[in-house]
Amino acid sequence: MRYEVVTLFPELFAAADVGILGKARERGDVSLTLLSPREFATDKHRSVDDYPYGGGSGMVLMPAPVVDALEHLDQARGGPTRRILLTPQGAPFTQRTAERLAAQPALTLVCGRYEGFDERIRRHVDEEISLGDFVLLGGEIAALAIIEATARLLPGVLGNERSATDESHASFLLEYPQYTRPPEFRGQGIPDILMSGHHAKIEAWRRRESVKRTLQRRPDLLEGRELDGELTKLVASVRAELAAEEVTRSEDRGGGVDPTAKPGASGDQP
Ligand SMILES: C[S@@+](CC[C@H](N)C(=O)[O-])C[C@H]1O[C@@H](n2cnc3c(N)ncnc32)[C@H](O)[C@@H]1O
């Protein structure tokens, strides 16, 4: 995968030099080209932003330096890319978005700064993506999030291919609890089943814990899903278990209803 980023702060992408992403770049599995719109500024101050027409606070990125940077990247690359504008007004970024974008030969990520960018830049991108319903100082952190989330889906980038398919959001279930050494930490042990060496039972335990965790933390992920027969039964069984746990907790409190408890929630809240 070829990543290209149009950014006024290329130094923020030092994070892409380290860890799995850094190694993937060394191997040539991914490449990263950073280009500043400032290189396409035409005045002596190398201006890339200006006051908004109509007044208002802050500065706005001018269209010409950004679009010139995009065209420069097109020429250098030769092949196709998908241009993405980072904006809090875009479609929310999800694992499904990451899977779709990971299939592209190249991604060109355009980072805004200041109060944002001139509206006419929008015509020059294929889609607009938001990292979430909050406002960042610039698009760089969002671009890095997209690079990490997509790069780890590329063949060969993660050592163990299964890790990318087995975790939270790869399906619509959250990942089961994970443990590593030591077996006892400050009075807390680990579930016996994980030490049993019985792989089928461990798989079944993990699947149940995934369902449990999803029902407790993100029941919305299951809403409206068509579940197969096995999963339908499992969800019903875990729901019954959580409801029974809720009744026990309520009895322990003397039968009173805890006004702060969420329906179906147990003590395993994050
Ligand atoms: C301070 S923000 C400008 C927000 C703009 N005034 C608005 O209300 O849409 C500056 C830049 O940060 C980036 N940014 C901020 N929040 C973001 C988010 N949630 N997702 C993606 N990019 C974001 C965008 O590139 C944006 O142009």
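Which residues in H3 meet which residues in H4? I will start there and then go through the rest of the chain. Keep in mind that this is a predicted model.

On the H3 side the residues are Ala98, Leu101 and Ala102, and on the H4 side they are Ile146, Ala149 and Thr150. Sorted by class, that contact has five nonpolar residues, one polar and no charged ones. As for geometry, helix H3 covers residues 95-102 and helix H4 covers residues 140-151, and the two pack at an angle of about 70° with their axes 8 Å apart. Angles of 65 to 115 degrees count as roughly perpendicular, and H3 and H4 are therefore roughly perpendicular to each other.

Next, the other helix pair. Helix H6, residues 199-217, packs against helix H7, residues 229-252, at an angle of about 60°, and their axes are 10 Å apart. H6 and H7 are therefore described as oblique to each other. The crossing of H6 past H7 is right-handed. From H6, the contact uses Arg207, Arg208, Val211, Lys212 and Leu215, while H7 supplies Leu234, Val235, Val238, Arg239 and Leu242. The class count here is six nonpolar, no polar and four charged residues.

Now the domains. The domain assignment gives two entries, domain 1 at 2-151 and domain 2 at 166-270. Taken over C-alpha atoms, the centres of domain 1 and domain 2 are separated by 39 Å.

On to the ligand. How many residues are around the ligand, and which come nearest? There are 20 of them, and the nearest are Leu86, Gly112, Leu136, Gly139 and Ala142. Which strand gives the most to this shell? That is strand E5, residues 82-92, with four residues. By class, the shell around the ligand holds 10 nonpolar, eight polar and two charged residues.

Last, two backbone items for anyone setting up a calculation. One is a cis peptide bond, running from Arg181 to Pro182, with omega near 5°. Pro182 sits in the loop between helix H5, residues 162-165, and H6. The other is Arg46, where phi is near 55°, a positive value in a residue other than glycine. Arg46 is also a loop residue, placed between strand E2 at 31-35 and strand E3 at 49-50.

To recap the helix pairs: H3 and H4 pack at about 70°, and H6 and H7 at about 60°. The H3 contact with H4 has no charged residues, whereas the contact of H6 with H7 has four. That is what I have.

Technical notes. Residues numbered from 1 in each chain as written. Predicted model: local features only at pLDDT ≥ 70, side-chain atom pairs only at ≥ 80, totals over all residues. Axes fitted to C-alpha atoms, helices over the stretch in contact; angles between N-to-C directions. Parallel < 35°, antiparallel > 145°, perpendicular 65-115°, else oblique. Left-handed = near helix turned anticlockwise from the far one by under 90°. Contact = placed C-beta atoms within 7 Å. Nonpolar A, V, L, I, M, F, W, Y, C, P; charged D, E, K, R; others polar. Domains from an automatic or database assignment. Near = placed C-beta within 6 Å.
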